[in-house]
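Try each task before you read its solution.

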Amino acid sequence: MIFLIEYNRREGKLVTFRSFEGRQREQAAALRLQLELDLHRCNIDHEVVLLEAESEQALRVTHRRYFEDLRQLLQSAGARSAGSR
């Protein structure tokens, strides 16, 4: 699956999240480009990415920063470091 993500770095918030089947790659890329152009025209500084993963669940593991706030990330990091002792 392909995932289109628009992320507001300053606020640490997910703005747009859309999923596409693999056969919709061109549609996803065109939408990403249009979104970036629109944001640039409006002088909005958001991160826009296309990511590919087996599932949304897998994406949430590999790219957690888009889905969790700083507190959640720090808690997870603390739990992982405590478990490795």
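Buried here means a relative accessible area under 20%, exposed means over 50%, and partly exposed covers what lies in between. Keep in mind that you're looking at a predicted model.

**Exercise 1. Is Tyr7 buried or exposed, and what about Tyr66?**

Step 1: Start with Tyr7, whose relative accessible area is 7%. The cut-off for buried is under 20%, so Tyr7 is buried.

Step 2: Now look at the two rings together. Their centres, for Tyr7 and Tyr66, sit 5.2 Å apart with the planes at 80°. Planes over 60 degrees apart count as edge-to-face, so that's what this pair is.

Step 3: Tyr7 belongs to strand β1, while Tyr66 is in the loop between α2 (56-62) and α3 (70-83), so the pair ties together parts 59 residues apart in sequence.

**Exercise 2. Work out how the rings of Phe3 and Phe17 are arranged.**

Step 1: A pair of aromatic rings is described by the distance of the centres and the angle of the planes.

Step 2: The model has 3 aromatic pairs in total. For Phe3 and Phe17, the centres are 5.6 Å apart and the planes are at 20°, so the pair is stacked.

Step 3: Phe3 is in strand β1 and Phe17 in strand β2, 14 residues apart, so to speak a link between distant parts of the chain.

Step 4: Check the burial of each. Phe3 is buried at 1% relative accessible area, whereas Phe17 is partly exposed at 26%.

**Exercise 3. Which residues of helix α1 are buried, and where do they sit around its axis?**

Step 1: Pick out the buried residues of α1: Ala28, Leu35 and Leu39.

Step 2: Look down the axis of α1. These buried residues fall within an arc of 30°, so they line one face of the helix.

Step 3: Recall the geometry: an α-helix has 3.6 residues a turn, so residues three or four places apart point the same way.

Step 4: Turn to the face directed away from the buried side, where you'll find the exposed residues Glu26, His40 and Arg41.

Step 5: Ask what covers the buried residues of α1. The cover includes β1, β2 (13-20) and β3 (47-52).

Technical notes
Residues numbered from 1 in each chain as written. Predicted model: local features only at pLDDT ≥ 70, side-chain atom pairs only at ≥ 80, totals over all residues. Heavy atoms only, no water. Buried < 20%, exposed > 50% of the residue type's maximum accessible area, 1.4 Å probe, protein only. Helix = DSSP H or I, 4+ residues; strand = E, 2+ residues; numbered from the N terminus. Arc of directions from axis to C-beta. Contact = heavy atoms within 4.5 Å. Phe/Tyr/Trp six-rings, centres within 6.5 Å; stacked < 30°, edge-to-face > 60°.
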